[in-house]
Amino acid sequence: VDEVSTLFNVNQQMIHSQGHSMGASGSLSLGMRYGNVFSGIYASEPMTDYAASPNFQTDFSVLWGSQASNLPIVNRGPYATALTQYNGTGVYDWMDHPKQLARRRGETMAFLMVRHGKADNIIDWATQGQPFIAALNAANVGYTAEVRGAWDHNWMGFSFAQDAMFSPSIGELGDWVYPKNMSFPGISLATGSGPNVPGNTGTDTYNMNIQWATPWNTFDAVIIDTVSRYEISLRSVSGSAQQADVTPQRLQAFTAPAGTVVNWQNIDNNTGSVVQSGTVTSDVDGLVVIPRMQIGTGSGNRLILTGSVPKPTLTGPAATTSSQTPTTTWDAVAAALSYDVWIQNLSTGVNPVVQANVATTNFTPATALGIGKFRVWVRARFANNVISGWSTSRDFTINTAPVITTQTSPIPGGT
């Protein structure tokens with residue numbers, strides 16, 4: 001990608017990967033691992049669990065060693081920073097995409113478009129295509145899929161792409177326009193889609209008949225994605241209303257760390273009435289899953305999430321320090337642009353003794369604070385002049401030891 005970008009004018013926000021068979025296997029791996037590079041991927045009959053395949057095991061053992069050895073992988077490169085935490089994972093575990101969807105659930109991935117033929121015996125249906133739908137639904141990722149009856153390992157064209165969302169001008173022959181700096185919905189278990197575990201006959205599609213409003217698909221207002229508010233409009237184009245679990249994915253600003261209580265409303269855009277509402281707690285992976293959202297036809301429905309603006313958590317300085325310029329530290333807050341620091345001198349009552357704005361997650365005073373007791377707070381600043389509340393305060397004492405020097409000259413009474 002970087003090499004192509006040096007030779008051509010590449011929009012870095014609209015990089016997509018497409019492929020069939022081995023190319024699909026590569027595209028799927030890239031989309032799952034490098035959501036910081038790829039906006040979406042299109043994979044026709046990919047391998048999804050390499051160890052489970054009845055074919056190609058000799059080839060895999062040449063590439064990676066035996067399944068028994070399950071040699072450890074190493075992620076490296078300029079875009080692999082977020083993946084280095086998985087270094088040491090066995091290669092066959094790493095190439096088990098259903099397992100990694102569950103393990104890495106909540107991490108940023110590209111929008112995944114996949115398909116498989118139910119008569120495929122090359123990258124076989126039973127171990128690769130059939131189990132993957134349930135894994136996609138359980139991970140609440142953004143995806144579309146088609147599993148086609150009586151279809152073998154041949155290229156199926158672009159029939160399972162969301163053209164209205166990704167290539168709206170002239171279908172698959174046009175530019176793929178969805179940018180990676182725009183969120184999308186993860187739609188799971190939609191009533192207008194096929195079963196969670198598809199059968200061996202007939203054709204099933206998944207999420208192909210649900211759209212959401214974007215600047216180029218203007219059936220309603222576009223996505224709003226701020227620190228404390230998220231809105232997205234969805235509609236069913238199947239001819240009838242649907243229900244689905246909906247999970248905002250690839251959020252740009254809205255944040256709800258695990259355990260955060262989020263308020264939500266579902267507004268019927270055709271009537272303006274609230275048809276569903278409630279609260280939901282973000283799960284252990286930091287995802288906000290709205291259960292069984294009603295999605296109507298026409299102008300559809302607008303999902304609105306509201307949450308509290310997250311505050312920083314102070315981690316330093318120590319309760320007692322000898323430094324008169326102690327460093328205040330705190331945990332980073334997602335989407336924060338900068339932080340305000342406020343330090344009060346409890347010994348003298350001067351408030352503030354320090355007031356500063358910094359772009360990092362630490363602050364060291366430029367001048368000595370002196371000896372005494374102090375209290376510090378930090379708050380986060382975001383886009384659109386959104387400011388968090390002040391953090392819980394942290395008290396510290398500066399207790400610098402006196403410096404005693406020995407007089408050597410002149411000696412009292414001496415000459």
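Which residues are linked with Asp-220 in a network of salt bridges?

1. The network of salt bridges joins Asp-220, Arg-229, Glu-231 and Arg-302. A salt bridge here is a side-chain nitrogen of Lys or Arg within 4 Å of a carboxyl oxygen of Asp or Glu.

2. On the basis of the numbers: this is a predicted model, in which local features need pLDDT of at least 70 and side-chain atom pairs count only at pLDDT 80 or more, while totals for chains, interfaces and linings use all residues. Residues are numbered from 1 along each chain as its sequence is written, and side-chain values use heavy atoms, with hydrogens and water left out.

3. Arg-302 is in strand β14 (residues 301-306) and Asp-220 in the loop between β7 (210-212) and β8 (224-225), 82 residues apart. Strands (E, at least two residues) and helices (H or I, at least four) are DSSP runs, numbered from the N terminus.

4. Arg-302 is buried, at 6% relative accessible area, whereas Asp-220 is partly exposed at 23%. Buried means under 20% relative accessible area, exposed over 50%, and partly exposed in between (1.4 Å probe, protein chains only).

5. A search of the whole structure gives 14 salt bridges. Among them, Arg-105 pairs with Asp-283, with the closest N and O atoms 2.8 Å apart. This pair links the loop between α5 (97-103) and β3 (111-117) to the loop between β12 (274-281) and β13 (290-295), 178 residues apart. Arg-105 is buried at 15% relative accessibility.

6. Lys-118 and Asp-204 form a salt bridge at 2.9 Å, N to O. Lys-118 lies in the loop between β3 and α6 (125-129) and Asp-204 in strand β6 (residues 204-206), so the pair ties together parts 86 residues apart in sequence. Both Lys-118 and Asp-204 are buried.
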